[in-house]
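Here's a quick briefing to read alongside the structure. Have the viewer open and follow the topics in order.

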Number of protein chains: 2
Amino acid sequence: MTENGIQKRVPQVTVKRLSRYLRVLERFQEEGSETILSEELANELHLKPSQLRKDLAYFGEFGTRGMGYNIERLAEALRRILGLHRQWAIAIIGVGNLGTALLRYKGLNEKGFRVAALIDDDPEKVGSSRSGIHIYHIDDLPEVVKEKNIQIAILTVPAPSARATAEIVVKAGIKAILNFAPVSIKPPPEVICMPVDISSELKILSHHLTGLEEPGDSPRGHEKSPVK
Amino acid sequence: MTENGIQKRVPQVTVKRLSRYLRVLERFQEEGSETILSEELANELHLKPSQLRKDLAYFGEFGTRGMGYNIERLAEALRRILGLHRQWAIAIIGVGNLGTALLRYKGLNEKGFRVAALIDDDPEKVGSSRSGIHIYHIDDLPEVVKEKNIQIAILTVPAPSARATAEIVVKAGIKAILNFAPVSIKPPPEVICMPVDISSELKILSHHLTGLEEPGDSPRGHEKSPVK
DNA sequence: TAGATTGTTAATCGATTAACAATC
DNA sequence: TAGATTGTTAATCGATTAACAATC
């Protein structure tokens, strides 16, 4: 490990991979393994072992040369790094189809996370509840955030209101947003906003299929034809 | 434009951005604009204009120097590139919470896409339908794919069965998979598989929040402490 | 033509990977 | 000690960006 305290910025893709490493470790642990090699763990995710080791190196040393990694120990380290040793309270903003679905989605109710409030602006919905979680009015967000200690907002409002809603969320003091609205949100630098854009992923598939199908001499399909 | 037919590989991030450009164009068109500058379009997505122009350059020339882009024309070009001028039939594999939610999700029923079949292996579910779409048994996938001309599979099965299911999907001739299972899938090279990992995105948020909270002298929080 | 903005090149930046020294 | 595998460095690869020539 380096001696000085100078810290390289950790790329976001690295953090994302940490979460995937952890998932594999937990599976292997359940299956009874105690130890794992960087090669095994990396292969499981179709990555290079050197990438795994580089990712871990941002945070310290977790293995034993010649031996590999103790699964329990590495998993615990990753949980700490990812902040999963504490509990985060989530508010889902926008109780439509997607919001309701996410509420019931396992991934959001895993260890470390808890949906603590639902928010909407539709008077028909406000006051009722879904899966036992109360729906509050967006105007009451600041109070709800304080009372329930909300730290994460999941934005599932329609595109046209997404930006205004994001601003309200930020003003309420929330520092982390998972944005499902198909609109680019640029919050102040202390706030992180992760876009989840299913519709765009789908269009990548469509593009790929189009490339496969198209006839003609060009092996890669529709890219930049040499006409002119 | 280059004269020879040699084509640079298009990065996947570029294709993803094309889909986002298109969304902005459609919004501007609805608002009555006829023309847009690379700077306006890029700003809307918090990108650099040069990136937008580079992205488009993979596919050809779509603007007029000094004038910008004709919105209708560029949008039409992007739709063609993304393969949205034709219709894609989707099968959702795994009719649990998430699968059912996606079925109702607007993004999946946009122009260009249509959920044509649901697939499960639970005899309780097979034979019934959801939102008017029939649920078929996974064993019948090959026939369903042929009959309904399915091109895209959305994988929403539980993690333990994800890999086996993906293999069945590939064997049935499907060339595009949107994978919601928290498992890495490496299909043969002609098949594209896009992972959607909401749980990992959430953990990136958690990591970020942990970095904000942690006390101590280090400005970036928990990264690699100088102990030792 | 002069002014503006694209399309394209080259420079920059950042992430991945191979290779190996450190060390169990 | 010899064999194995980590942690780390340096080389490679690929994507972003600034800058400008082309051209409307």
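A:Thr100 touches A:Val95 and A:Arg130, leaving out residues up to four places away in sequence; contact here means heavy atoms within 4.5 Å. Keep in mind that this is a predicted model, where local features need pLDDT of at least 70, side-chain atom pairs count only at pLDDT 80 or more, and totals for chains, interfaces and linings use all residues. As for bookkeeping, residues are numbered from 1 along each chain as its sequence is written, chains are lettered from A and ligands numbered from 1 in the order in which they are written, and side-chain values use heavy atoms, with hydrogens and water left out.

**More on Thr100 and helix α5**

- You'll find A:Thr100 in helix α5 of chain A, residues 97–104; helices (H or I, at least four residues) and strands (E, at least two) are DSSP runs, numbered from the N terminus.
- A:Thr100 is buried, at a relative accessible area of 12%; buried means under 20%, exposed over 50% and partly exposed in between, with a 1.4 Å probe and protein chains only.
- A polar atom of the A:Thr100 side chain sits 2.6 Å from the backbone oxygen of A:Gly96.
- Over in chain B, six of the eight residues of helix α5 (97–104) are buried, so that helix is largely enclosed by the rest of the structure.
- The buried ones in α5(B) are B:Leu98, B:Gly99, B:Thr100, B:Ala101, B:Leu102 and B:Leu103.

**The seven-stranded sheet of chain A**

- This is an open sheet with mixed pairing, and its seven strands run in the order β6-β7-β5-β4-β8-β9-β10; two strands pair if DSSP finds at least two bridges between them.
- At its edges are β6 (129–130) and β10 (192–195) of chain A, each pairing on one side only.
- Strand β4 of chain A (88–93) has six of its six residues buried, so it is largely enclosed by the rest of the structure.
- Both faces of β4(A) are covered, with A:Trp88, A:Ile90 and A:Ile92 buried on one side and A:Ala89, A:Ala91 and A:Ile93 buried on the other.
- β4(A) runs parallel to strand β5 of chain A (113–120), joined by six bridges, and A:Ile93 has A:Ile119 as its bridge partner in β5(A).
- Strands β8 (150–155) and β9 (176–179) of chain A also pair in the parallel sense, over four bridges; A:Ala153 is bridged to A:Ile177 in β9(A).

**The three-stranded sheet of chain A**

- Here the pairing is antiparallel, in an open sheet ordered β1-β3-β2.
- The edge strands are β1 (35–36) and β2 (63–64) of chain A, each with pairing on one side only.

**Rings and charges**

- A:Arg86 lies over the face of A:Trp88, 3.8 Å from the ring centre; a charge counts as over a ring if NZ of Lys or CZ of Arg is within 6 Å of the ring centre and within 35 degrees of the ring normal.
- In chain B, B:Arg86 lies over the face of B:Trp88 at 3.9 Å from the ring centre.

**Domains and a loop residue**

- Chain A is assigned domain 1 (12–82) and domain 2 (88–200), with bounds from an automatic or database domain assignment.
- The centres of those two domains, taken over C-alpha atoms, are 31 Å apart.
- A:Lys186 belongs to the loop between β9 and β10 of chain A and is exposed, with a relative accessible area of 61%.

Definitions and conventions. A polar contact is a pair of N or O atoms within 3.5 Å; within protein, one must be able to donate a hydrogen and the other to accept it, and residues adjacent in sequence count only if both atoms are side-chain atoms.
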